[in-house]
Amino acid sequence: MTLTPEQRIELHEFNNLTKSLSFNMYDICYTKTKEERQAYIEYIDEQYNSDRLTQILMAVSDIIGAHVLNVAKQDYVPQGASVTVLVSEGPVVEVPTESFEESPGPLPDNVVLQLDKSHITVHTYPEYHPNEGISTFRADIDVSTCGEISPLKALNYLIHSFDTDIMTIDYRVRGFTRDINGQKLFIDHEISSIQNYIPDEVIDAYQMIDVNVYQEHIFHTKCKLKKFDLNNYLFGYTKDKLSLEEQTEITDRLKTEMDEIFYGRNISS
């Protein structure tokens with residue numbers, strides 16, 4: 001007998017499954033001089049300060065249907081910021097049936113569902129290489145929920161909230177809950193890849209690698225932007241200010257940096 005999604009997750013009590021999404025993004029920039037490096041760090045600190053990050057996390061809370069209990073935020077010296085949002089059960093206005101299906105999730109619209117004992121955090125890490133002329137910015141966002149809805153619903157919004165060259169995404173379902181017959185449920189939705197929750201236009205724009213441990217409900221996806229335009233990686237000027245030899249050298253440095261981050265290992269020149 002085939003059951004509907006609603007019937008498949010009819011539970012004995014509250015859904016105790018913990019679903020955790022870790023979203024890591026990287027922005028790469030070529031900064032030739034000390035002044036350019038400092039200007040890039042200042043730009044990142046302004047663009048992704050604790051106030052802006054709080055706005056992003058509040059939007060994530062709306063998308064996953066959480067009620068915000070407390071917000072703690074901090075801007076650090078010399079750079080970086082952190083925000084932690086504690087959330088609890090939100091009011092259930094109407095549960096749309098499509099929320100039970102694998103989909104990228106809403107971009108501007110809200111989904112309101114029941115949640116409890118959840119938190120959302122973000123930490124930023126701007127840094128630069130003192131010799132290689134490369135500056136990088138990393139943001140780590142963790143969304144942990146307890147209940148029927150997956151934090152993957154917020155993934156589409158997070159991708160669009162950051163101008164990112166590389167993304168590393170991890171998703172895990174832990175614990176178990178019980179159906180009305182007492183049978184343990186270790187996962188309450190079908191998933192074969194995090195890519196199920198990424199829009200097609202984003203998938204087309206990125207090279208992607210999956211590492212999935214299905215029996216443990218652990219899913220990992222790495223993404224690297226396919227298109228490379230040197231102008232997008234120069235801070236304060238365009239490539240027409242450079243010789244062809246300089247353009248080639250800088251392009252090689254940037255692509256090596258991106259490959260090392262994407263593959264997670266140093267690459268010999």
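Me: Is Phe-235 buried, exposed or partly exposed?
Reply: In this predicted model, Phe-235 counts as partly exposed, because its relative accessibility is 24% and buried would require under 20%.

Me: Which ring does Phe-235 pair with?
Reply: Phe-235 forms an aromatic pair with Tyr-43. The pair is tilted, at 5.8 Å centre to centre and with 55° between the planes.

Me: Where in the chain do Tyr-43 and Phe-235 sit?
Reply: Tyr-43 is in helix H2, whereas Phe-235 is in the loop between strand S10 (218-225) and helix H6 (244-263). The two residues are 192 residues apart, and the pair thus links distant parts of the chain.

Me: And what is the relative accessible area of Tyr-43?
Reply: The value for Tyr-43 is 41%, so Tyr-43 is partly exposed.

Me: Tyr-43 again: which pocket has it close to the centre?
Reply: That is the second largest pocket, with a volume of about 300 Å³. It is lined by 19 residues, and the closest to its centre are Asp-27, Ile-28, Tyr-43, Asp-163 and Asn-232.

Me: How does that lining divide into nonpolar, polar and charged?
Reply: The lining of the second largest pocket has 12 nonpolar, three polar and four charged residues. Strand S1 (18-30) and helix H2 (34-47) each supply at least two residues of this lining.

Me: Back to rings. How many aromatic pairs are there?
Reply: The count comes to 10 aromatic pairs. One of them joins Tyr-214 and Phe-219, which are edge-to-face, with 6.1 Å centre to centre and 65° between the planes.

Me: Are those two, Tyr-214 and Phe-219, buried or partly exposed?
Reply: Tyr-214 is partly exposed because its relative accessibility is 47%, whereas Phe-219 has a relative accessible area of 2% and is therefore buried.

Me: Which rings link into a cluster?
Reply: Ring pairs link Phe-23, Tyr-48, Phe-137 and Phe-162 into a cluster.

Me: What does Phe-162 touch?
Reply: Apart from residues up to four places away in sequence, Phe-162 touches Phe-23, Met-25, Tyr-48, Leu-53, Ile-56, Ala-139 and Ile-141.

Me: Then which members of the largest nonpolar core touch the most others?
Reply: Phe-23, Leu-155, Phe-162 and Ile-169 do so, in a core of 47 residues. Helix H3 (residues 50-64) gives the most to this core, namely seven residues. A second, separate core has 13 residues, including Tyr-26, Ile-28, Tyr-30 and Met-258.

Me: What is Ile-261 in contact with?
Reply: Leaving aside neighbours within four places in sequence, Ile-261 is in contact with Tyr-26, Ile-28, Thr-136 and Ile-166. Ile-261 lies in helix H6, and it is partly exposed because its relative accessible area is 23%. Its C-alpha atom is 9.6 Å from that of Met-167, a residue 94 positions away along the chain.

Me: Changing topic, which residue other than glycine has a positive phi near 60°?
Reply: His-217 has that phi value. His-217 lies in the loop between strand S9 (206-213) and S10, and at 16% relative accessibility it counts as buried.

Me: What about Ile-218, where is it found?
Reply: Ile-218 is in strand S10. Its relative accessibility is 30%, so it counts as partly exposed. Not counting residues up to four places away in sequence, Ile-218 touches Tyr-171, Arg-172, Val-211, Asn-212 and Val-213.

Me: Last one: how many helices and strands does the protein chain have?
Reply: The chain has six helices and 10 strands. Of its 269 residues, 46% are buried. Among contacts with a separation of 6 or more, 71% are between residues 24 or more positions apart.

Terms used: Residues are numbered from 1 along each chain as its sequence is written. This is a predicted model: local features need pLDDT of at least 70, side-chain atom pairs count only at pLDDT 80 or more; totals for chains, interfaces and linings use all residues. Side-chain values use heavy atoms; hydrogens and water are left out. On a 1 Å grid over the protein atoms alone, a cavity is a set of points where a 1.4 Å probe fits but cannot get out, and a pocket is an open set with protein on both sides within 12 Å along at least five of seven lines; lining residues have an atom within 4 Å of a point. Grid points are joined across faces, edges and corners, and a volume is the space filled by probe spheres set on the points. Helices (H or I, at least four residues) and strands (E, at least two) are DSSP runs, numbered from the N terminus. Ala, Val, Leu, Ile, Met, Phe, Trp, Tyr, Cys and Pro count as nonpolar, Asp, Glu, Lys and Arg as charged, and the others, Gly among them, as polar. A nonpolar core is a set of buried Ala, Val, Leu, Ile, Met, Phe, Trp, Tyr and Cys residues joined through side-chain atoms within 4.5 Å. Buried means under 20% relative accessible area, exposed over 50%, partly exposed in between (1.4 Å probe, protein chains only). Contact means heavy atoms within 4.5 Å. Rings of Phe, Tyr and Trp (its six-membered ring) pair if their centres lie within 6.5 Å; planes under 30 degrees apart count as stacked, over 60 as edge-to-face and the rest as tilted.
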